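Visitor: I'd like a quick tour of this one. Can we just chat our way through it?

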Amino acid sequence: MSIASIALPRILRIGGGASKQLGEVLETLGLSRPLIVTDPWLLNSGRVDELAGGLASAGIAARVFADTVPDPTIASINVGVAFLQEGDHDCVVGFGGGSPLDSAKAIALLGHHGGAMADYKAPHVQDTPGLPVIAIPTTAGTGSEATRFTIITDDATDEKMLCPGLAYLPVAALVDYELTFTKPRRLTADTGIDSLTHAIEAYVSRRANPFSDGMAMLAMRAIAPNLRRVCADPMDAAAREAMMLGATQAGIAFSNSSVALVHGMSRPIGAHFHVPHGLSNAMLLPAVTAWSAPAALPRYADCARAMGVADDAEGDQAAVARLIDELAALNRELEVPGPAAWGIDAARWDALIPTMCAQAAASGSPANNPRIPDADEMAMLYAKIWAG
Ligand SMILES: NC(=O)c1ccc[n+]([C@@H]2O[C@H](COP(=O)([O-])OP(=O)(O)OC[C@H]3O[C@@H](n4cnc5c(N)ncnc54)[C@H](O)[C@@H]3O)[C@@H](O)[C@H]2O)c1
Ligand SMILES: CCCCCCO
């Protein structure tokens with residue numbers, strides 16, 4: 001086995017009420033002057049006051065920056081950095097979905113190292129950390145609480161810049177499914193399919209390894225049987241808990257392997273057509289899986305079995321057929337909007353997917369299986385193709 005470079009948050013607290021241990025975790029880490037980075041919805045929900053109130057009871061005063069935006073932009077990060085530098089903070093607490101968590105990571109980095117956010121986009125890899133980040137996710141989810149990435153949109157070009165490196169890995173993650181009961185159905189479905197996509201793509205990625213495979217398998221087993229349940233009953237505690245655990249496991253999986261063609265294509269789609277991240281993954285997942293599967297049939301068949309849609313007795317071909325049917329069924333039942341909902345010509349969309357996949361195959365670097373190129377390479381290629 002070649003040497004896999006695995007990295008995880010130093011502290012992981014997972015379970016109902018974990019977010020209430022923020023004060024204790026800060027004390028353990030020797031931190032006492034946090035900036036909480038969150039978003040307007042969470043601020044108005046009263047949850048931020050609860051979090052800051054818990055810290056105040058522990059003698060910790062926190063400032064709050066809630067002016068983050070969905071799909072954080074360079075401009076929004078710069079406002080956050082200026083706000084951070086007005087205080088004497090020794091850490092940043094990210095509280096929210098992937099957008100505030102990615103904002104927290106970027107603010108903590110720039111606030112310490114300076115420079116411009118664009119300086120840190122791939123292929124640059126930033127391993128030297130900025131201020132320590134403690135992540136508390138409220139969607140299940142992007143897995144950003146346990147990944148070595150932040151994704152910041154360039155306001156000028158709409159490019160979703162992938163910024164990789166150990167610097168973005170939170171030192172602690174408090175994974176508290178009780179924060180997710182308020183998620184509306186659309187958000188529950190889109191973030192749930194996003195985390196399922198992370199698990200599948202981590203498992204078929206050419207950079208997969210036995211550790212990331214284990215995390216991806218656990219994530220699929222947690223997410224697949226609970227996604228419909230949690231969309232049907234938002235107060236189903238067991239399903240909410242499984243979805244939150246699966247999202248973090250899927251984040252650990254792709255952070256320690258990579259993702260593949262769906263993500264390579266969804267980032268530019270998100271940038272070009274402003275489709276939310278989880279939705280753009282969902283829209284692509286069935287068709288791109290069907291195109292990619294022949295290049296890694298056993299791996300995709302393993303995904304079908306882990307998701308419980310195929311049994312061990314079935315051959316790989318049959319199992320993959322069930323996987324593709326299941327992914328299409330999930331999109332139907334969870335009412336994932338089609339391309340037309342985003343002003344994308346449906347005929348062009350259908351025609352373009354095989355074109356993009358074929359070009360991906362042509363462009364696949366020797367390091368990657370030509371039909372499952374790494375997301376980074378695909379993002380650039382796809383943006384060119386789509387821009388025509
Ligand atoms: N860094 C990574 O590894 C990584 C991975 C995947 C995606 N991302 C990024 O994450 C972002 C998407 O994050 P997201 O899908 O979590 O959505 P989000 O953070 O953009 O939030 C979407 C909406 O849901 C609301 N919300 C959040 N928690 C809620 C709750 N508990 N109840 C009700 N409403 C709630 C938010 O206020 C917001 O209005 C994108 O910018 C994407 O690029 C990052
Ligand atoms: C290579 C990792 C890309 C992370 C994408 C998260 O949506």
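Guide: Strands (E, at least two residues) and helices (H or I, at least four) are DSSP runs, numbered from the N terminus. This is a predicted model where local features need pLDDT of at least 70, side-chain atom pairs count only at pLDDT 80 or more, and totals for chains, interfaces and linings use all residues. Residues are numbered from 1 along each chain as its sequence is written, chains are lettered from A and ligands numbered from 1 in the order in which they are written, and side-chain values use heavy atoms, with hydrogens and water left out.

Visitor: How many residues of strand β5 are buried?
Guide: β5 covers residues 133–137 and is largely enclosed by the rest of the structure. That's because the buried count is five of the five.

Visitor: Which residue stands opposite I134?
Guide: β5 pairs with strand β4 (residues 91–96) in the parallel sense, over five bridges; pairing takes at least two DSSP bridges between two strands. Within that pairing, the residue opposite I134 is V93.

Visitor: And which residue in β8 stands opposite A135?
Guide: β8 (residues 172–175) also runs parallel to β5, with two bridges. Opposite A135 there you'll find A173.

Visitor: What separates the C-alpha atoms of A202 and S257?
Guide: A202 sits in helix α6 (residues 185–204), and S257 is 55 residues away from A202 along the chain. Their C-alpha separation is 5.8 Å.

Conventions. Buried means under 20% relative accessible area, exposed over 50%, partly exposed in between (1.4 Å probe, protein chains only).
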